[in-house]
Amino acid sequence: MLVSISYLLAAIAFASSASAAPVLQSQSNPGIAGAAYFITNDPSGNRIVSMDIGSDGKLSAVQSINAGGRGAHGITSPNGPDPLFAQGAVKTSAAAKMLVTVNPGSNTVSMFAINPNQPSHLKMVGSPVSSEGEFPMSVAFNAKGTMVCVLNGGQVNGVNCYTPDAKLGLVAKPNTLRSLGLNQTTPATGPAGTTSHIVFSEDGSKLVASVKGVPPTPGFLAAWDVAADGSLSAQPVKSTPASGGLLPFSMTVIPGKNAILATDAGIGFDIFNFGGSGKGAKSSSSASSTVVPISGQKATCWSSFSPKSGNFYLTDIGTSTITEVNVDANLKGTIVKQYPQAANSATIDNDIATIGANSFMYVLAPNATTVNVLSVNTPGKAVSVQNFNFASAAKAAGITIDKNNLQGMTTFVRA
């Protein structure tokens with residue numbers, strides 16, 4: 001069943017106002033394997049919050065660093081969590097050992113070096129640079145860590161790209177500033193009609209941005225070709241979801257298939273097929289698609305993939321539920337199992353990190369001020385490992401937390 005925008009807003013508002021269930025916090029720290037990060041997105045000063053990841057996948061310790069700009073909350077009525085209507089507000093690159101974040105209220109992007117021995121320790125590289133648009137809300141690295149792109153979602157919207165330089169920071173890449181031409185405001189008014197996420201295709205040959213529709217008009221994916229020198233094609237090729245699809249949100253690449261799973265807050269999820277399959281297959285910039293409903297969903301918006309289970313994991317802010325999804329060799333999507341989290345905790349951004357032989361999912365639940373950790377090794381058998389409450393540790397560290405402003409979730413694992 002399609003969800004109306006008013007219903008979507010109501011779900012977000014309800015998630016914002018309801019009280020969260022008690023959660024537990026682990027004190028164990030058996031050895032640092034990596035770090036997890038989100039942003040405070042505070043209008044008075046955006047900060048990157050980092051937490052240590054232990055070898056058992058559990059989180060401990062909280063610290064932060066100034067992101068070099070201000071946060072911003074998109075225009076909603078009433079206000080609620082998911083302030084940028086986006087996934088990918090902060091991202092890491094294992095190849096480059098760098099982290100990049102948006103500063104939506106300053107229209108800038110900042111890059112930080114990750115200390116591989118202490119991944120929760122960050123150091124700004126260069127200075128924050130202009131996003132060349134307004135209300136930047138999502139960033140992406142290519143697989144090699146040699147190119148970074150940002151998606152702007154305000155009145156001046158579109159994409160822009162950079163070369164991440166270890167000494168100079170983000171260096172503007174020529175011939176990559178491209179407009180989407182959306183009729184938007186700054187800050188963006190949403191969730192309907194807003195940009196959502198930016199990703200590179202698996203082979204790095206395409207840069208793809210997702211845009212939500214304004215029902216009954218569906219949204220679309222916009223794909224630019226990436227040339228050998230990193231420049232982008234002049235215009236994107238736009239692909240709309242099949243009948244029933246409305247609000248393409250997050251995008252997770254389907255390995256080896258030249259395809260993308262996109263969450264869809266209006267129905268469940270969409271699968272976009274860019275053609276070809278297997279290593280070296282040439283893909284098109286235009287995609288066909290299928291739509292898969294999730295019964296009872298309210299706003300399924302974020303997603304990630306576990307290489308251990310081979311499945312995708314989607315989060316719903318309205319139901320505070322994680323939905324596990326399988327996509328078979330023929331790109332048919334099916335629901336495997338659902339995992340309810342604390343009621344009204346507003347599960348939003350998520351990421352999956354593989355530590356040794358185990359994959360762990362990290363889910364930001366701002367209303368509960370927790371990051372929920374689940375083991376996602378076996379299909380249909382995700383197991384809760386920890387609900388890490390960061391509020392008290394953040395307060396002790398002098399970090400201002402407004403649950404409605406929190407956004408993003410990314411991880412870095414030591415080699």
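Colleague: Which residue of β11 is the bridge partner of G153?

Modeller: The bridge partner of G153 in β11 is N157. Before we go on, this is a predicted model, in which local features need pLDDT of at least 70 and side-chain atom pairs count only at pLDDT 80 or more, while totals for chains, interfaces and linings use all residues. Residues are numbered from 1 along each chain as its sequence is written, and side-chain values use heavy atoms, leaving out hydrogens and water.

Colleague: What makes β10 and β11 a pair?

Modeller: Strands are DSSP runs of E with at least two residues, numbered from the N terminus, and two of them pair if DSSP finds at least two bridges between them. β10 and β11 have six bridges and run antiparallel, so they pass under that rule. They also form a hairpin, with three residues between the two strands.

Colleague: Which other strands does β11 pair with?

Modeller: Strand β12 (residues 169–172) is joined to β11 by four bridges, again antiparallel, and P164 stands opposite L170 of β12. β11 and β12 form a hairpin too, with three residues between them. With strand β13 (residues 178–179), β11 has two antiparallel bridges; there, G158 has S179 as its bridge partner.

Colleague: Why is β11 called largely enclosed?

Modeller: A residue is buried if its relative accessible area is under 20%, exposed if over 50%, and partly exposed in between, using a 1.4 Å probe and protein chains only. Seven of the nine residues of β11 are buried, so the strand is largely enclosed by the rest of the structure.

Colleague: How do you know that C301 is buried?

Modeller: Its relative accessible area is 3%, and the cut-off is under 20%, so C301 counts as buried.

Colleague: What makes C149 and C161 a disulfide?

Modeller: The rule asks for a pair of cysteine sulfur atoms within 2.5 Å. In C149 and C161 the sulfur atoms are 2.1 Å apart, so the pair qualifies. C149 sits in strand β10 (residues 148–153) and C161 in strand β11 (residues 157–165), twelve residues apart. Both C149 and C161 are buried. By this rule the count comes to one disulfide.

Colleague: Why is the disulfide of C149 and C161 called right-handed?

Modeller: The torsion about the S-S bond is about 105°, so the disulfide is right-handed.

Colleague: What makes an empty space a cavity or a pocket?

Modeller: Rolling a probe the size of a water molecule over the atoms shows where empty space is left. On a 1 Å grid over the protein atoms alone, a cavity is a set of points where a 1.4 Å probe fits but cannot get out, whereas a pocket is an open set with protein on both sides within 12 Å along at least five of seven lines. Lining residues have an atom within 4 Å of a point. Points are joined across faces, edges and corners, and a volume is the space filled by probe spheres set on them.

Colleague: How many cavities of 30 Å³ or more are there, and what is the volume of the largest pocket?

Modeller: There are two such cavities, and about 90 Å³ of space lies in the largest cavity. The largest pocket has a volume of about 1,200 Å³. Its lining has 37 residues, with K91, T92, F141, D351 and I352 nearest the centre.
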